[in-house]
Amino acid sequence: DAADTDDDAEVDDDDLDVPAEPASQEPAAGPSHIRLALIAGIVAVLALGGLTGWLGYRANESKQMDRQRQTFLEVGRQGAINLTTLDYEHIDADVQRILDLATGTFYDDFQQRAPSFTDVVRQVKSKSVGTVTEAALEAGDTATQAEGLVAVTVKSVIVGQPEQQPRAWRMRILVQKVQGEP
C-alpha cells in the first residue's frame with residue numbers, strides 16, 4: 001500500500017495549478033539600448049544635416065560676395081581706363097563714357113566742367129591711353145560699395161610736342177551699386 005501512495009506522489013508539474021512567476025515590469029535590456037541608439041542616430045543625422053545646410057549657405061554667401069567684389073574691381077578698372085584714355089578727336093564720346101560710370105558728387109562736378117574740359121583737350125590736341133597695371137579693393141567693402149586702389153600707366157601725346165614718358169598714377173576709386181547695378 002505504501003507503493004500505491006508513492007505512485008500518487010509522482011505528479012506532473014504540468015498538472016499543477018501553480019502560478020507562474022509574475023512578469024517583470026521593466027522592459028528587456030535589448031530594446032532599450034536599440035531605442036537609445038536609434039534616437040542618438042537621428043539626433044546625429046539632424047545635427048549633421050543642419051551643419052551641412054549652414055555651411056552650404058555660408059559657402060554660397062561667400063561665393064556671391066566674391067562675385068560682387070570681382071564686379072566692383074572690374075568696374076573700378078574700367079573707371080580708371082575711362083578717366084585716363086582720352087582722344088581729342090573723340091572727346092565727346094570719351095566724356096560721355098566717363099559720365100556713364102560716374103555717380104554722386106563726381107558726376108555732378110564732372111558734368112558741369114565737361115564743356116571746358118573738352119575745349120582744353122581739343123585745343124591742345126591731346127591723346128592719352130591709360131593701362132591698368134594693378135588693381136585691388138581695400139578692406140571694408142560692403143554689398144553696395146567698395147573702395148578700390150588702381151595703378152595706371154598713362155601714355156600721353158600732344159600734337160606738336162616731343163614724346164612724353166609714360167606716367168604712373170595711383171587712383172582711389174569708390175564703386176557703388178546703384179539701382180541693381182554696380
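Me: Which element gives the most to the lining of the largest pocket?

Reply: That is strand 4, with six residues. Keep in mind that this is a predicted model. The largest pocket has a volume of about 540 Å³, and helix 2, helix 3 (91–101) and helix 4 (104–124) also give two or more residues to its lining, as strand 4 does.

Me: What makes a residue part of the lining of a pocket?

Reply: A lining residue has an atom within 4 Å of a point of the pocket. For the largest pocket, 21 residues line it, and Leu101, Ala102, Thr103, Ile173 and Leu174 lie nearest its centre. Sorted by class, that lining holds twelve nonpolar, six polar and three charged residues.

Me: Which residues lie closest to the centre of the second largest pocket?

Reply: The second largest pocket has a volume of about 350 Å³. Of the 18 residues lining it, Leu86, Ser126, Ser128, Ser156 and Trp169 are the closest to its centre. Helix 4 gives the most to this lining, with five residues, and the lining as a whole divides into eleven nonpolar, six polar and one charged.

Me: Let's stay with Ser126. Why does Ser126 count as buried?

Reply: Buried means under 20% relative accessible area. Ser126 has 17% relative accessibility, so it counts as buried. Ser126 has its place in strand 2. Leaving out residues up to four places away in sequence, Ser126 touches Leu86, Asp87, Tyr88, Val121, Val157 and Ile158.

Me: How do you know that strand 1 and strand 2 pair?

Reply: Two strands pair if DSSP finds at least two bridges between them. Strand 1 and strand 2 have two bridges, so they meet that cut-off. Their pairing is antiparallel.

Me: What makes strand 1 and strand 4 edge strands?

Reply: The four strands form an open sheet in the order 1-2-3-4, with antiparallel pairing. Strand 1 (86–87) and strand 4 each pair on one side only, and that makes them the edges.

Me: Which residues is Ala80 in contact with, leaving aside its neighbours within four places in sequence?

Reply: Ala80 is in contact with Val132, Val150, Val152, Met171 and Ile173. As a general rule, nonpolar side chains in soluble globular proteins tend to be buried together.

Me: How many helices and strands does the protein have?

Reply: There are four helices and four strands, and from the N terminus on they run α-α-β-α-α-β-β-β. Buried residues make up 20% of the 182 residues in the protein. Among contacts with a separation of 6 or more, 59% join residues 24 or more positions apart.

Methods: Residues are numbered from 1 along each chain as its sequence is written. This is a predicted model: local features need pLDDT of at least 70, side-chain atom pairs count only at pLDDT 80 or more; totals for chains, interfaces and linings use all residues. Side-chain values use heavy atoms; hydrogens and water are left out. Contact means heavy atoms within 4.5 Å. Buried means under 20% relative accessible area, exposed over 50%, partly exposed in between (1.4 Å probe, protein chains only). On a 1 Å grid over the protein atoms alone, a cavity is a set of points where a 1.4 Å probe fits but cannot get out, and a pocket is an open set with protein on both sides within 12 Å along at least five of seven lines; lining residues have an atom within 4 Å of a point. Grid points are joined across faces, edges and corners, and a volume is the space filled by probe spheres set on the points. Ala, Val, Leu, Ile, Met, Phe, Trp, Tyr, Cys and Pro count as nonpolar, Asp, Glu, Lys and Arg as charged, and the others, Gly among them, as polar.
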